[in-house]
Amino acid sequence: MNKMKFLLLAGIFCLLGVNNANAQMLGIKTNLLSDALGAPSLGFEIVTGEHTSFDIQASTTLKKPWGKDVEVTMIQPELRLWYAGRPMTRGFIGFAATLAQYDVTWKSTTHDGYTAGLGINFGYVFHLSKRMNLEANAGVGVYGTHERQYRVGAYNGDYRNDIRMLPSKVGVSIVYILK
């Protein structure tokens, strides 16, 4: 439950940092792909200018998804530039940061650590109704990891650092526009 409280507070502080939000569009969203993989997500997007918006999404695994030993908590703020019209409609390019903590066992090797990185994302928003949108996006980024790896049953406490190029964001999100 501490992970969820942290993510909720981080989202609230980011929204409070936006000035003059009264006349701006605000959307709440969830990434359907992340939800289906067992890591429920919650996000907010607020229009900050004529061709810009600020998006923040967070997700966490609440229990072992699909019976796998996976614990991931992640937050992703993103600045979006809308090149095909007004914000929250049609195409965009996004510049995102990612912060994540993970503890994943994969093929009898446990990866326990943190990652932070920057990525570039491309996406498109499909208008479904006056207040509903469907958003698809994907991107790539460079991430620094600080993790320890060990075989199940043979703990090794040494951390190692690495830099990797990974997908930064892959999503199909449903967006409800509040105002």
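Predicted model: local features only at pLDDT ≥ 70, side-chain atom pairs only at ≥ 80, totals over all residues.
This passage walks through the overall fold and then one glutamate of the model. Residues are numbered from 1 along each chain as its sequence is written, and side-chain values use heavy atoms, leaving out hydrogens and water.

The chain has two helices and eight strands, taken as DSSP runs numbered from the N terminus (helices: H or I, at least four residues; strands: E, at least two). In sequence order the pattern reads α-β-α-β-β-β-β-β-β-β. The eight strands make up a closed barrel, β1-β2-β3-β4-β5-β6-β7-β8, with antiparallel pairing; strands pair if DSSP finds at least two bridges between them. Strand β1 (residues 26–31) and strand β8 (residues 160–177) run antiparallel and are joined by five bridges. I28 has Y176 in β8 as its bridge partner.

Of the 179 residues, 40% count as buried, that is, under 20% relative accessible area with a 1.4 Å probe, protein chains only (exposed is over 50%, partly exposed in between).

E45 sits in strand β2 (residues 41–47). This residue counts as buried because its relative accessibility is 1%. Its side chain makes polar contacts with the side chains of S53, at 2.7 Å, and R80, at 3.2 Å. A polar contact here is a pair of N or O atoms within 3.5 Å; within protein, one must be able to donate a hydrogen and the other to accept it, and residues adjacent in sequence count only if both atoms are side-chain atoms. Leaving aside residues up to four places away in sequence, E45 also touches others (heavy atoms within 4.5 Å), including M25, K29, W82, M88 and E135.
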